Amino acid sequence: ASLNEAERELAPKQAAIATLRPLLMSPDFLFRSELGIDGRLTSSEVATALSFTLWERPPDAQLRSLADSDGLTSTEVIATETRRLLEHPADVPALRRFLRELLQYENAKTTFKDAAAFPFHRAGELVDDTEKVVERLVTDHARSGLHRALLTSDLVYVRPSTAKSWNVALSADAGVFMADPTRTGVLTHPSWLVAMSEPDHNHLVRRGRFVRERLLCGEVPMLPGGVVPQIEK
């Protein structure tokens, strides 16, 4: 862009501010436009929506080319481009983010545990252990059987600092993948169990409600007012 005489006189810092201010204040820079025309998104808006939704980044060259030629107006072309973006599921950030939000094992980082009772607890590392397993399962099963693998696989990732939480005797000096027959899917990982617990004890009701509502899409009704829950012996 050409500079006028006043801009040429600015010091480097002021020149940078003058250059960046219009960019940063532009609605097109701050927000993703989905205004559309006559109720339908424009090709540029479709390209942006597809790319950011699935890849979490601006459109690639092919999407930009289609957007520039107004080529994203038919359902068939949009479906073709969607399949192209999903060709390698393991490389789709939205899938991993969806699984992280669905399974909620990251909540272990914000679940306080009594340091005196659990001096070996390492929440961040336990979450990373599960993250590594999920990454491996997505890579191996993204196109077939991913749901089953997440809920039934005995694959675990254990490191020396988390071995006690896994109840595994680890001889390696670094983290390793291994098969642990005592584990059956992510819902038996320490990170998820901690995320569904209290500071000093487990929370079986919270875990059961998670399965009922998050995985089975059911509903656990609220107790009527004034009713005290009783556990049958």
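Because the model is predicted, local features need pLDDT of at least 70 and side-chain atom pairs count only at pLDDT 80 or more, while totals for chains, interfaces and linings use all residues. Residues are numbered from 1 along each chain as its sequence is written, and side-chain values use heavy atoms, with hydrogens and water left out.

The overall layout comes first. The protein contains 12 helices and two strands, where helices (H or I, at least four residues) and strands (E, at least two) are DSSP runs numbered from the N terminus. Read from the N terminus, the order of elements is α-α-α-α-α-α-α-α-α-β-α-β-α-α. The C-alpha trace spans about 80 × 50 × 50 Å along its principal axes. The radius of gyration is 25 Å, whereas a compact globule of 233 residues would have one near 17 Å; this radius is taken over C-alpha atoms, and the globule rule is 2.2 Å times the number of residues to the power 0.38. Of the 233 residues, 30% count as buried. Here buried means under 20% relative accessible area, exposed means over 50%, and partly exposed lies in between (1.4 Å probe, protein chains only). Contacts, meaning heavy atoms within 4.5 Å, also reach along the chain: among those between residues at least 6 apart in sequence, 53% join residues at least 24 apart.

What lies inside? A nonpolar core is a set of buried Ala, Val, Leu, Ile, Met, Phe, Trp, Tyr and Cys residues joined through side-chain atoms within 4.5 Å. The largest such core has 22 residues, of which Y105, V134, L137 and L150 touch the most other members. At least two residues of this core come from each of α7 (93-103), α8 (123-141), α9 (146-152), β1 (155-158) and α11 (190-195). Helix α8 gives the largest share, five residues. A second, separate core holds 12 residues, including L50, L66, A67 and V92.

The buried residues of α8 are A123, L126, V127, D129, T130, E131, V133, V134, L137 and V138. The parts covering them include α7, α9, β1, α10 (163-166), β2 and α11. Leaving aside neighbours within four places in sequence, L137 is in contact with A142, L146, A149, L150, S153 and L155.

The aromatic rings come next. A pair of aromatic rings is described by the distance of the centres and the angle of the planes. Rings of Phe, Tyr and Trp (its six-membered ring) pair if their centres lie within 6.5 Å; planes under 30 degrees apart count as stacked, over 60 as edge-to-face and the rest as tilted. Three aromatic pairs are found in the whole structure. One of them joins Y157 and F177 edge-to-face, with 4.9 Å from centre to centre and 70° between the planes. Since Y157 lies in strand β1 and F177 in strand β2 (residues 176-179), the pair ties together parts that are 20 residues apart in sequence. Y157 is buried because its relative accessibility is 11%, whereas F177, at 31%, counts as partly exposed. Another edge-to-face pair is formed by W192 and F210, with centres 5.2 Å apart and planes at 70°. W192 belongs to helix α11 and F210 to helix α12 (residues 204-215), so this pair ties together parts that are 18 residues apart in sequence. Both W192 and F210 are buried.

Charged side chains meet two of these rings. A charge sits over a ring if NZ of Lys or CZ of Arg is within 6 Å of the ring centre and within 35 degrees of the ring normal. The charged end of K132 sits over the ring of Y157, 5.5 Å from its centre, and that of R136 sits over the ring of F177, 3.9 Å from its centre.

Finally, two backbone angles stand out. Most residues other than glycine have a negative phi. Q104, in the loop between α7 and α8, has a positive phi of about 60° although it is not a glycine. C217, in the segment after α12, likewise is not a glycine and has a positive phi of about 55°. Q104 is partly exposed at 21% relative accessible area, and C217 is exposed at 68%.
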